[in-house]
Amino acid sequence: MKRNFGFPILAFLSALLWISAPGCAPLQLGTHQSTYLEINERLPDDQATRAFIVPYKEALEKEMNTVIGESKKELNTKGTSESNLGNLVADLQQKFVERKLSTKVDISVINNGGLRNVIPSGPITVGNIYELSPFENFIYLLEMHVEDIIRLANYTIEKKNLGIAGMYLEAENNELVQVRINGKPLDQNRTYVLAINDYLANGGDYMDFLIEVKRLEKTNFLLREMLLEEIAQLTEKGQKVDASIEGRQIYR
Amino acid sequence: MNRRTFIQKSLIGAGAITLPLSGYAAKRSSKLCVLHTNDMHSRIEPFPDDGSAFANLGGMARRAALIQEIRRQEPNLLLLDAGDIFQGTPYFNLYGGELEFKLMSQMRYDAATLGNHDFDNGLDGLEEQLPHASFPFICSNYDFSETNLKDRFLPYKVFDKGGIKVGVFGIGIELEGLVPAVSYGATRYLDPVEVADEMVKTLLSINCQMVICLSHLGYSYKSQKIDDQKLAAKVDGIDLIIGGHTHTFLEAPTRVTTPSGGITLVNQAGRSGVRMGRLDFEFDRNKKIKKANAESLAIK
């Protein structure tokens, strides 16, 4: 900056500016040192903080231990793609969406890999459902054309990682031989509603073919909330949670 | 007026009254300690001791003890968070972020910015928890004017730490595609580079000696997507970017060269309160005054 500072008045004005705002002393970033501090067991707890957390923790544990239903048997993801737990979750997801959005769901899908724990035999707690579905996955509804259904079927046969409701699959030597939706063959003249979580809809687990499929609804219903609500519904009706491998996906 | 001109001009003025100023300067400390966290994701308690990668790390009671200890040694301390306070443990699902905000308030956080997950319970869910935070949220590039959170956040804040004026602004990530539309509602995302540029100008015009950007953009993407390093390389005048979102564990801050050849430090402290970043800055007052003298002499 070229300025004529020969005029004493300018220097004086600058000085005045300086004096009138002492907090604004022009300091420049000098040296710095940086480090990171690991928060580990060598650090003691701050006792006041600890004490503040305790009632929250206790109420949380109480909530997590709340029993919301009962399972007839242990439900898990064992099986060739189709599993009792996968069937259960796919069924509940279908029922939930149909009730919440008053809309027909033709196919409901869940990735076995997203089911992170079993549902134990006997009482089911809120904590069990958190362990089963710890992720923040939302339920999406997609508009599937026949070609999309075929891709979904071929994907399932290749990966063998989905629990499915509404769609029947038959494969021989890993080749698709039959697909039925609600017991009927595919109809070129219509589209089908798929309920699926946002992780898969956005191409997770290599389901890239779903990225471009039309979204009918991007709900903010969490998979976990769906499970908690549906299991509570069953309990209200006096029913136990149960599901079986029933031949929805046949691999020969 | 850019920062350099401003400094020169003021220093030249200072040269005229060297003596009273050095007396004034000597009274104040010229050190600033910046502590920072990001992506704490509702990790109230340490990770369980189960042999996993973060086993027995983190924990807010431990962090509180550490901060208290540092406060005893550092009178000029700035404690900041770069967002995603919410979501990750049942504490969030059950209490909606209340405990996170209360504990951060007790630790005397100076400010935080919003991460995408802080929208997880929607604008209403966030609004509900705001009374539990005694620290401000600084968000410069989200426009909440059409939402219920209008005027609830600051575009920037100036902290006076022992006579050092530190200007802090906050840059959030694009919400579309990352947060369900119903959750962020009519919140508008504004261009980070434009807003950061404007913020730096504003903060320098009100004579901040240091400019910090709290960012939830993410450390680095291979794509064109804006990140902390790209922001630093495009905007002059930011001394430090405290980042988040990508859960990046940096051993040391990254030095990024700004358009005019300056240096911006970019730092991030992993996630879940497993680490806390610490940067200590020294402001060399006497040297600058001396330099100013020399410069003003040269002009004569």
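Biologist: What is the order of the five strands in the open sheet of chain A, and what kind of pairing do they have?

Modeller: In this predicted model, the order is S6-S3-S9-S5-S10 of chain A, with mixed pairing. Two strands pair if DSSP finds at least two bridges between them; strands (E, at least two residues) and helices (H or I, at least four) are DSSP runs, numbered from the N terminus. Strand S6 (162-165) and strand S10 (215-222) of chain A each have a single partner strand, so these edge strands have one side without a neighbour in the sheet. From one strand to the next, the twist averages 20°. Local features need pLDDT of at least 70 and side-chain atom pairs count only at pLDDT 80 or more, whereas totals for chains, interfaces and linings use all residues. Residues are numbered from 1 along each chain as its sequence is written, while chains are lettered from A and ligands numbered from 1 in the order in which they are written.

Biologist: How do you know that strand S5 of chain A is joined to S10(A)?

Modeller: Four bridges link S5 (residues 138-144) of chain A to S10(A), and the definition asks for at least two, so the strands pair. They run antiparallel. At one bridge, Leu142(A) has Arg215(A) in S10(A) as its partner. Helix H7 (residues 223-236) of chain A packs on this sheet, touching S5, S9 and S10 of chain A. Contact here means that the C-beta atoms of two residues, placed from the backbone, lie within 7 Å.

Biologist: What makes H2(A) and H3(B) roughly antiparallel?

Modeller: The axes of helix H2 (residues 47-64) of chain A and helix H3 (residues 60-73) of chain B come within 8 Å and cross at roughly 155°. This lies over the cut-off already given, so H2(A) is roughly antiparallel to H3(B). Thr49(A), Arg50(A) and Ile53(A) in H2(A) meet Met60(B), Ala61(B) and Ala64(B) in H3(B).

Biologist: How do you know that strand S7 of chain A is joined to S8(A)?

Modeller: Six bridges connect S7 (residues 167-172) of chain A with S8(A), and the two run antiparallel. Glu170(A) has Gln178(A) in S8(A) as its bridge partner. Both strands belong to an open sheet of three in the order S8-S7-S11 (chain A), with mixed pairing. Strand S8 (175-181) and strand S11 (249-251) of chain A stand at the edges, so each has one side without a neighbour in the sheet. Helix H5 (residues 146-159) of chain A lies across S7, S8 and S11 of chain A, at about 125° to S8(A).

Biologist: What is the average pLDDT of chain A?

Modeller: Chain A averages 89, and 88% of the residues score at least 70, on a scale of the predictor's confidence in each residue from 0 to 100. Over residues 1-29 of chain A the pLDDT is below 50. Where pLDDT is low, the predicted coordinates should not be read in detail.

Technical notes:
Axes are lines fitted to C-alpha atoms, for helices over the stretch in contact, and angles run from 0 to 180 degrees between N-to-C directions. Angles under 35 degrees count as roughly parallel, over 145 as roughly antiparallel, 65 to 115 as roughly perpendicular and the rest as oblique.
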